[in-house]
Amino acid sequence: MYVIGTAGHVDHGKSTLVQALTGIDPDRLAEEKAREMTIDLGFAWLTLEGEEVGVVDVPGHRDFIENMLAGVGGIDVALFVVAADEGVMPQTREHLAILNLLDVRGGVIVLTKTDMIDDPDWIELVSLDVSEAVSGTVLEDAPIMPVSAKTGDGITDLQAILWEQLSASPPRNDNGRPRLPIDRIFSLSGFGTVVTGTLIDGRFQIGDPIELLPSGEKGRIRGLQTHKTKLDIARPGSRVAINISGIEKENIKRGNIIAHPDTMGSTILFDAIYNQLPEADAPIKHNAEVKLFVGATEVLARARIIGDENLEPGQEGFLQLATREPISISRGDRFIIRRPSPGATIGGGRVLDPHPGRRHRRFRPDVLERLKTLSQGTPEEMLVQALARIEPTSQQALVQQAPLDSETAVSTLQTLIESGQIVQLDTQYYTRPTWQRLADQANELVGAYHSKNPLRVGISREELRSRLRMKTAVFNPFLEKLSQSEQLIEKNAVVHLPNHTVKFNLQQKQAMQAMEKLFKQGGVNSPSVKDSRAKLGDDLYFALLEMGEYVPVSQDVVYLKADYENIIYKLTEYLYKNGTINAPQARDLLSTSRKYAIALLEHLDDKRITRRVGDNRELIKKKE
């Protein structure tokens, strides 16, 4: 969640509201505290219904609007703040226009400082004024909540409304291409360089190699945190602090991108669809110099208008933006354009092609046709959307459903598989988010099994398949893929998490030691399975079996691993020398009873070491 402040010339109402919601003062700078005004981005968090929600507090004053733009690139829900004693201000309208251009997913309008208003009619008048201002915008249906951060009135109701809005917000995409636009850089003694931002398009985990863009410097993730909590994996949409190695703090600046190596490039030219704000005081002219804001990046650019001479206020059209320095962007990224002087927000749009390759001729019909197609959706987007409606499905069914010709659909499918946006499991196909949901579900099931059965190595693969309700033909490649990426480990048809180890308490260790003495005393005539289970308890006994410390020979005979190996060695050596063995010979060789001799010989048969011929056993395997 992100906070958009519009509380007037002195905006302590907004920061005070954040502190009332979260218990954290988002103003970090001494100058901010002295002036009672947010100047740069502030960060906080709160817990709603058991879920942690990140808050970015952005400057409300129009003098710091460009700092505000660095913090609004990943909005889920906008907390749009208007001071009740001031009402709608010029910066209120500019912030609203920015949210509209960014197409935010939802929001809550908060009237702050209601404790300063004695007349209830005034609150109603301000509410009507705000309702009129947001009419026709992304906040048109947003609830209006009067609150007082000073007295606490309305804070509880506001938290409930915020949770409703966040719950209704669609989940962040996970396209398997993580990137983090950097909005803050610092260093910590003993840790080194730390950057923060909002993770989009994928997930990072500790140890991942990374690339700093647009410079291309390579590094590695040493640590991950969200809200001061250490993480192994950071997920899309979360506020993340990344401790990185291999890249110096001095080489990083706000707006740079952290991504997996070779998954993004840089550009100085990109195509876009653009909207000039209706309230802009002039058209945007061809080749006009503008300030471009995308993600946390701010850069000067030239706006080349494609297909029109100029774009008038309220007009939509195509731009090719030529940036003064390299930036890293992706298709679909939204951006804001401001006039450098006098400073004003004039419009914004969406990236269509981050790498067009060359400057377009402005009025060529084929260029305009291509841009129109790009603005309406790429084949990749169309195919992913079609799959999401019918997954899992076969290639034939998907090609039939996609709004593409067969040849394009098949080639696009291969491209999406190679990029990781579609995952193939045998003959079935999944979108990346669904695949990740299944992978997360498998991890959660195995983790829950570990919690419930701490003495077991893991869950049987068949039980895991059954709980996931997967067909064997799909489950086998699914588990193989998870094993290859080391998300899950499978051994001897048992599945466990990579970091899971069986740990015994003091009482269990003492029981194991006592049992080991009994095994040593008994030798070949070992304690029975029944006695072993009685003395150890079933949980500990089966844990030792699963770990291979105990080896069962029959329903009633079990040995310590070392004893078992020694006994089998004696029997096979006898067989290598004599060719055959029978029960009396095995009994005499091992100085044991007929019960143990027969159990061991039948075990050799089961292991396909011997086969029974009359009363004798003869070797199947040759001596290695």
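This passage looks at one strand with its two partners, and then at a pair of helices, in a predicted model. Residues are numbered from 1 along each chain as its sequence is written, and side-chain values use heavy atoms, with hydrogens and water left out. Local features need pLDDT of at least 70, side-chain atom pairs count only at pLDDT 80 or more, and totals for chains, interfaces and linings use all residues.

Start with strand 18, residues 288-294 (strands are DSSP runs of E, at least two residues, and helices are runs of H or I, at least four, numbered from the N terminus). Five of its seven residues are buried, that is, under 20% relative accessible area with a 1.4 Å probe, protein chains only. On one count, strand 18 pairs antiparallel with strand 19 (residues 297-306) over seven bridges; pairing takes at least two DSSP bridges. Here Val-290 sits opposite Ala-301. The hairpin of these strands has two residues between them, and Gly-295 takes a positive phi near 60°. Strand 18 also runs antiparallel to strand 22 (residues 334-339), joined by four bridges, with Phe-293 facing Ile-336.

Now for the helices. The axes of helix 15 (residues 529-536) and helix 16 (residues 538-546) come within 6 Å and cross at roughly 120°. That makes helix 15 oblique to helix 16, oblique being whatever is left after under 35 degrees (roughly parallel), over 145 (roughly antiparallel) and 65 to 115 (roughly perpendicular). Axes are lines fitted to C-alpha atoms, for helices over the stretch in contact, with angles from 0 to 180 degrees between N-to-C directions. From helix 15, Val-529, Ser-532, Arg-533 and Leu-536 meet Asp-538, Leu-540, Tyr-541, Phe-542 and Leu-544 of helix 16, contact meaning heavy atoms within 4.5 Å.

Note on methods: Buried < 20%, exposed > 50% of the residue type's maximum accessible area, 1.4 Å probe, protein only.
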